[in-house]
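Subject: A structure for you to look at

Hi,

Here is the structure I promised to send you. Have a look around it on your own before reading my notes below.

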Number of protein chains: 2
Amino acid sequence: MKLPPKDQLIMGIHAVREVFLHAPRRLIAVYYNEPQKQGRKSELIASIEKEGIPIIAASNDELYRMTGSDSHQSIAAHVKGRTFLNVGQFLGQIDGKPSLVLMADQIFDPQNFGSLIRSAECLGADAICWSKNRGADITPTVAKSSCGASEIIPLIRISNLAEAVSEFQDGGFDAVAALLEKGSENAFTFQFSERTLLIVGSEGEGIQPLIRKRANRSIFIPMKGKIDSLNVSQAASLLMGLYQRQFISPLGK
Amino acid sequence: MKLPPKDQLIMGIHAVREVFLHAPRRLIAVYYNEPQKQGRKSELIASIEKEGIPIIAASNDELYRMTGSDSHQSIAAHVKGRTFLNVGQFLGQIDGKPSLVLMADQIFDPQNFGSLIRSAECLGADAICWSKNRGADITPTVAKSSCGASEIIPLIRISNLAEAVSEFQDGGFDAVAALLEKGSENAFTFQFSERTLLIVGSEGEGIQPLIRKRANRSIFIPMKGKIDSLNVSQAASLLMGLYQRQFISPLGK
């Protein structure tokens with residue numbers, strides 16, 4: 001079997017389902033190991049087949065070799081190559097509108113990166129931005145953890161994040177670094193700008209100094225407990241929720 | 001080597017560190033496989049040793065047998081048996097104060113359960129409440145995912161969650177189910193009661209019908225994206241953050 005390139009593979013039942021539901025044209029073919037007992041999976045497979053998308057039988061061993069992971073849940077999909085935007089292209093698309101972009105700095109853990117992409121998509125961020133040189137890239141594991149959101153949300157994948165921060169600022173964005181430092185503002189009383197670039201770093205590494213310096217504001221979540229930090233995707237969900245809250249709630253403005 | 005009971009074991013470098021920092025008296029002994037290269041782990045071990053807590057050499061194989069997992073990161077700890085409260089005992093402790101309690105219904109995935117415990121502790125929930133009959137219990141994997149929070153936050157572990165909901169209500173709590181149904185209120189404009197029992201269910205199973213029925217309010221997070229739900233621990237973090245926000249922010253009241 002000729003294996004599709006790994007950067008065009010997604011895996012896992014939820015990821016394949018979400019992409020089929022929301023971006024079916026991204027699917028080139030689905031690789032599937034039919035289970036002995038017919039279950040929930042088969043309904044999805046039948047629907048995919050009905051749309052004329054090829055279903056290719058694959059053993060779990062082939063799925064493992066394809067995806068480089070044993071978390072494929074007996075299903076993977078070959079997707080069309082992703083479109084990556086640069087900051088200029090993205091700014092051209094949003095025109096004069098309010099916008100929230102999540103920037104992920106030094107997120108090396110694929111599950112954290114996937115979770116961040118999922119929460120950004122769910123909570124209506126307009127794009128996720130990361131550096132291909134510092135942190136995880138979109139692998140089958142990331143696509144799975146993102147629940148397929150990696151195939152749905154606009155992707156700004158660049159080399160130099162610090163330069164990107166400045167480009168966003170030139171485009172009218174506030175660059176808001178999520179970190180506790182002198183001058184950090186309390187997330188619960190923070191007034192977001194309509195255009196916000198929210199920058200989060202990994203739990204171990206944090207946000208690179210160069211990027212911190214360029215950010216024009218910083219924000220922290222007051223922790224009442226003894227353990228002093230949420231997981232990065234929990235923190236990002238809370239911060240993105242507070243942004244959404246401010247712009248939809250009658251209390252927030 | 002005589003192995004400590006599994007329900008008194010935690011594992012993973014972060015979990016052991018947090019328990020050592022915030023609840024050192026919970027540690028009976030630390031099992032540790034010294035790495036070839038001295039690194040970050042050894043500093044922690046030295047500090048633990050200084051406090052008179054025994055460090056016991058263990059191979060990775062022994063750590064695997066002890067914890068039932070290969071994610072131990074070469075370290076585990078035998079902790080004192082946990083104290084579990086029932087609802088009445090908990091209500092006696094909080095006296096007349098405002099209070100947030102997170103109730104986890106049918107959370108079978110240990111990582112999700114651990115993440116929920118972690119975010120509840122970080123965001124200042126006064127306890128986590130779950131049923132020992134329906135969902136994960138605290139295992140070494142859960143303790144690791146909770147980053148040690150399972151040893152720090154008060155634990156309300158009971159048999160019947162539906163009865164517990166009523167007991168909380170009798171204690172002056174609003175029981176708020178996180179789910180989208182007729183009459184669910186928008187989380188972003190929701191006015192929390194000072195005493196809130198926030199009930200979350202698993203992604204697959206949701207909240208049991210009996211518990212939904214007893215809840216006196218329900219709340220949903222408006223999703224702007226195409227994928228229609230956050231991971232349960234991301235959603236819980238956002239909802240607990242909105243509770244905290246309401247009671248600390250000048251805007252919220």
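How many salt bridges are there over all chains? The count comes to ten salt bridges, where a salt bridge is a side-chain nitrogen of Lys or Arg within 4 Å of a carboxyl oxygen of Asp or Glu. As background, side chains of opposite charge can pair when their charged atoms come close.

Before going on, a word on how to read all this. This is a predicted model, in which local features need pLDDT of at least 70 and side-chain atom pairs count only at pLDDT 80 or more, while totals for chains, interfaces and linings use all residues. Residues are numbered from 1 along each chain as its sequence is written, chains are lettered from A and ligands numbered from 1 in the order in which they are written, and side-chain values use heavy atoms, with hydrogens and water left out.

**Salt bridges inside the chains**

Start with A:Glu151, which forms a salt bridge with A:Arg26, their closest N and O atoms being 2.7 Å apart. This pair links distant parts of the chain, 125 residues apart: A:Arg26 is in the loop between helix 1 and strand 2 (27–32) of chain A, and A:Glu151 is in the loop between helix 6 (140–145) and strand 8 (155–158). Helices (H or I, at least four residues) and strands (E, at least two) are DSSP runs, numbered from the N terminus.

A:Glu151 also forms a salt bridge with A:Arg82, with 2.8 Å between the closest N and O atoms. A:Arg82 lies in the loop between strand 4 (75–79) and strand 5 (84–85) of chain A and A:Glu151 in the loop between helix 6 and strand 8, so this pair ties together parts that are 69 residues apart in sequence. Together, A:Arg26, A:Arg82 and A:Glu151 are linked in a network of salt bridges. A:Arg26 and A:Glu151 are both buried, and A:Arg82 is buried too; buried means under 20% relative accessible area, exposed over 50%, and partly exposed in between (1.4 Å probe, protein chains only).

In chain B, the side chains of B:Glu151 and B:Arg82 meet in a salt bridge (2.8 Å, N to O). Both B:Glu151 and B:Arg82 are buried.

**Where the chains meet**

What does each chain give to the contact? There are 41 residues from chain A and 41 residues from chain B, with contact meaning heavy atoms within 4.5 Å. The two chains bury about 3,400 Å² between them, 62% of it on carbon and sulfur atoms. Buried area is the accessible area (1.4 Å probe) that two parts lose on being put together, summed over both. On chain A, A:Phe188, A:Ile227 and A:Gln234 supply 20% of the area buried against chain B, more than any other three residues.

Between chain A and chain B there are zero salt bridges, but 17 residue pairs are in polar contact (both at pLDDT 80 or more). A polar contact is a pair of N or O atoms within 3.5 Å; within protein, one must be able to donate a hydrogen and the other to accept it, and residues adjacent in sequence count only if both atoms are side-chain atoms.

The elements of chain A that give two or more residues to this side are helix 1 (13–22), helix 5 (110–122) and helix 9 (232–248). Helix 9 gives the most, with nine residues.

**A covered strand in chain B**

Now find strand 4 (residues 75–79) of chain B, where five of its five residues are buried. B:Ile75, B:Ala77 and B:Val79 are on one side, and B:Ala76 and B:His78 are on the other. Strand 4 runs antiparallel to strand 1 (residues 9–11) of chain B, joined by three bridges, and B:Leu9 stands opposite B:His78. Strand 2 (residues 27–32) of chain B is also antiparallel to strand 4, with five bridges; there, B:Val30 has B:Ala77 as its bridge partner. Two strands pair if DSSP finds at least two bridges between them.

Why does A:Asn112 count as buried? Its relative accessibility is 15%. A:Asn112 is found in helix 5 of chain A, and its side chain makes a polar contact of 3.2 Å with that of A:Asn231.

B:Ser202 counts as buried because its relative accessibility is 14%. A polar atom of the B:Ser202 side chain lies 3.2 Å from the backbone oxygen of B:Gln106.

Enjoy exploring!
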